[in-house]
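Here's a quick briefing to keep beside you while you look at the chain. Have the viewer open and click along as you read.

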Amino acid sequence: MTTVHVEGLGENPVKLNAPIRTPDGERFLSGIAGTRVRQNGCGAASYAALYANVDVVAAYPIRPYTAIMMNLSQFIADGILDAEYIAADGEHSQFSAAFGAGSCGARAFTGSSGVGVTYGYEMYSIISGARIPIQMSIADRTLDPPGDFGSEHTDALCTRDMGWLMGWAATPQEVFDKTLIAYAIGEDPRVLLPQMVVQDGYFVSHIAGEVEMPTSQQVDAYLPPYQLPFPLDTRRPLSHGAQIHPQQGPPLQLERARAMEDAIPIMRQKTDEFGAMFGRHYPHFVEEYMLDDAEIAIVISGGHAVTCRAAINRLREQGIKIGMARLLWIRPFPTEDLQKALRGVKAVGVVETNLGLGGASYGGILSLDVTTALYHQAGERPLVTSFMAGLGGETVPVAEFDWMAGKLGQAVKAGRVEKATHWVGFEE
């Protein structure tokens, strides 16, 4: 179990009363249980928070995530969800409110998009350092400039090293399921880390898909009431705080580093438990698609993987041995799982819907982790290049995946990649 240094904490943490779902809420959930409904990603996130019986919702509007909070406010107004709704005056206040609620033993839910994610940046390290497992739902959006509303992963990935669990959902069903799975992982006393459940703005947040609705009893059995081992409580005073003695600094940072590593087996466990409970079985970290005999492969995360699968199907019909490795989690990074998935592949292309300006590849962020993961594996390592695509909310059509496959095929024949980063649509 991970140790958390909190002054005044004894062996027996305070046990708060378990939250009770309202009768109206129970009737509402009973009425939709067992059905398949059409929802977009925003709707799926809000319904998952309803099923999770969150206690506090901290909100501040920014497109395209706003609809999540609109739905939750309606649930509360209708008496379906018994929760405190805090309309903040900005993202920093919003995340601070969620942090305070989680510190007091409430299951807290918040979120944002784009520049809203970056506006509250100060709070990310504080929340993970305090080991308060709140959840943040992000419908990602490109940062300024270009100042449009298109999807881009840069906003969430700016926070990637702040000690939060982070992963993308590619469909509304995954948004619903991942919200519950992330809470179950983060709230586990062996983990105690906040979570970012990310979906592509508009491509997932605003496009409807089928979502299976479980019973509330199933969710309650999978996700028990939130019990923070060290809540702020007047009945048992203790202190929380980010400012500690200087000599305690390295141990605290080491604890957070180990917490991310120690989360990996818990994530496997909770993913398997989810599959056993709900009948939807997800890979632990990496979705492998047609990789068994693949010579080249695309590594990708998020909603563009749906198009990528269609492109791979067509390329396979043309005799091209290509596959896909989709990253379900970015933090902690699934080094071993990715090594296993790509074993035997000769060339790998990482789709970068994000900016890592001035980095080693002079392109995106993910390829740096992917390359490091593959560099440290035993045996022959594949060639690695990256493809900047989908930036500023652009679609990544099948034809662009065809172009990427061509570049990977050329790399295999030449025995080297042409360059570390390709800007798709701007090169021959």
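Helices (H or I, at least four residues) and strands (E, at least two) are DSSP runs, numbered from the N terminus. This is a predicted model, where local features need pLDDT of at least 70, side-chain atom pairs count only at pLDDT 80 or more, and totals for chains, interfaces and linings use all residues. Residues are numbered from 1 along each chain as its sequence is written, and side-chain values use heavy atoms, with hydrogens and water left out.

**Overall build**
- You're looking at a protein chain with 14 helices and 14 strands.
- Its radius of gyration (taken over C-alpha atoms) is 22 Å, close to the 22 Å from the globule rule (2.2 Å times the number of residues to the power 0.38) for 428 residues, so the chain is as compact as a globular protein of that length.
- Along the principal axes, the C-alpha atoms fill a box of roughly 70 × 55 × 40 Å.
- Among contacts (heavy atoms within 4.5 Å) with a separation of 6 or more, 80% come from residues 24 or more positions apart.

**Nonpolar cores**
- A nonpolar core here is a set of buried Ala, Val, Leu, Ile, Met, Phe, Trp, Tyr and Cys residues joined through side-chain atoms within 4.5 Å.
- The largest one has 106 residues, and Leu-72, Phe-176, Val-299, Leu-338 and Leu-342 have the most contacts inside it.
- Leaving aside neighbours within four places in sequence, Val-299 is in contact with several residues, including Leu-338, Leu-342, Val-350 and Val-370.
- There's also a second, separate core of 21 residues, with Leu-315, Ile-322, Phe-387 and Phe-401 among them.

**His-153**
- Look for His-153 in the loop between strand 5 (135–140) and helix 7 (154–157).
- With a relative accessible area of 3%, His-153 is buried.
- Beyond four places in sequence, its contacts include Asp-140, Trp-168, Asp-200 and Asn-354.

**Asp-337**
- Asp-337 sits in helix 12 (residues 335–341).
- Its relative accessibility is 16%, so Asp-337 counts as buried too.
- Not counting residues up to four places away in sequence, Asp-337 touches Arg-268, His-284, Phe-285 and Val-286.
- Asp-337 and Val-412 are 75 residues apart in sequence and 23 Å apart in space, C-alpha to C-alpha.

Note on methods:
Buried means under 20% relative accessible area, exposed over 50%, partly exposed in between (1.4 Å probe, protein chains only).
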